[in-house]
Amino acid sequence: MTESNRLRIAIQKSGRLSTESQQLLKSCGVKFSINEQRLIAHADNMPIDLLRVRDDDIPGLVMDGVVDMGIIGENVLEEEQIERQTLNKPADCLKLRQLDFGSCRLSLAVPTEFSYADASSLEGLRIATSYPNLLRRFMQQKGITYRDCMLKGSVEVAPRAGLADGICDLVSTGATLEANGLYETEVIYRSMACIIQSTQTQSPTKQALIDKILSRVNGVIRARE
Ligand code: ATP
Ligand code: ZN
């Protein structure tokens, strides 16, 4: 019994988007309390279940129709979309709107002593990243060939460890780059959190609830502007 009459919304379990995702839903009038041990939180006052998962899992859960909605960084959404298109897996979902948190940029960065003119300075070099698809798209558009160094974490230490010549990583203030002897040379993608919907939601009652939540999200964000 994997279908549910309750609307399923996937949010990040713990990380940079989790507090604000919960806060946004609470501001929309969804009443729930989180038990850290539990994957699912049932709302008390609406037929809504919150699924608390790794952020990387959220786009796929929405694209596969396992959940109806999700709150996710555009960077992770776009990365998964390109990945799935390459693999011919379901890659559709509706971006309902951009949100007002989760701002960051995916940037190229190189060691302080690297003399960088433009992205072509990286021709033939090795670049560490957790976002191979966004990086590939950017480098293909520029006609630059490079070598991959795929890391899910610790990307910023790769150059010093001798694993890569440069990195492509998320930046918000630049403090982490500086602490690792790197400097930002080029922004390749600007990102905010966004709220997405599955294209597979069929039920009119669920759709009505999605519309109600979206209209409240719009109101909450307008009031915060
Ligand atoms: P998870 O355990 O859920 O996989 P994570 O470590 O991949 O978590 P976080 O570091 O919590 O992810 O970041 C989640 C999202 O927050 C990012 O994908 C991005 O959209 C956004 N974000 C905002 N600012 C930053 C930043 N300075 N560095 C990284 N991500 C940021
Ligand atoms: Zn993640």
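## Contact between helix 3 and helix 4

In this predicted model, Asn-75, Glu-78, Glu-79, Ile-82, Glu-83 and Thr-86 of helix 3 meet Pro-132, Asn-133, Leu-134 and Arg-137 of helix 4; contact means heavy atoms within 4.5 Å. The residues of this contact comprise 3 nonpolar, 3 polar and 4 charged. Here Ala, Val, Leu, Ile, Met, Phe, Trp, Tyr, Cys and Pro count as nonpolar, Asp, Glu, Lys and Arg as charged, and the others, Gly among them, as polar.

The axes of helix 3 (residues 74-87) and helix 4 (residues 132-142) come within 8 Å and cross at roughly 80°. Helix 3 is therefore roughly perpendicular to helix 4 (65 to 115 degrees). Axes are lines fitted to C-alpha atoms, for helices over the stretch in contact, with angles from 0 to 180 degrees between N-to-C directions. Helices (H or I, at least four residues) and strands (E, at least two) are DSSP runs numbered from the N terminus.

An open sheet of 5 strands has the order 8-7-9-6-10 with mixed pairing; two strands pair if DSSP finds at least two bridges between them. Strand 8 (147-150) and strand 10 (182-191) stand at the edges, each with a single partner strand, so one side of each has no neighbour in the sheet. The twist from one strand to the next averages 25°.

Strand 6 (residues 104-111) and strand 9 (residues 166-171) pair in the antiparallel sense over 5 bridges. Ser-107 stands opposite Asp-169 in strand 9.

## Helices on the sheet

Helix 3 packs on the sheet, touching strand 9 and strand 10, and its direction makes about 75° with that of strand 10. Helix 4 lies across strand 6, strand 7 (126-129), strand 8, strand 9 and strand 10, at about 100° to strand 10.

## Basis of the values

Residues are numbered from 1 along each chain as its sequence is written, and chains are lettered from A and ligands numbered from 1 in the order in which they are written. Local features need pLDDT of at least 70, side-chain atom pairs count only at pLDDT 80 or more, and totals for chains, interfaces and linings use all residues, while side-chain values use heavy atoms, leaving out hydrogens and water.

Notes
Parallel < 35°, antiparallel > 145°, perpendicular 65-115°, else oblique.
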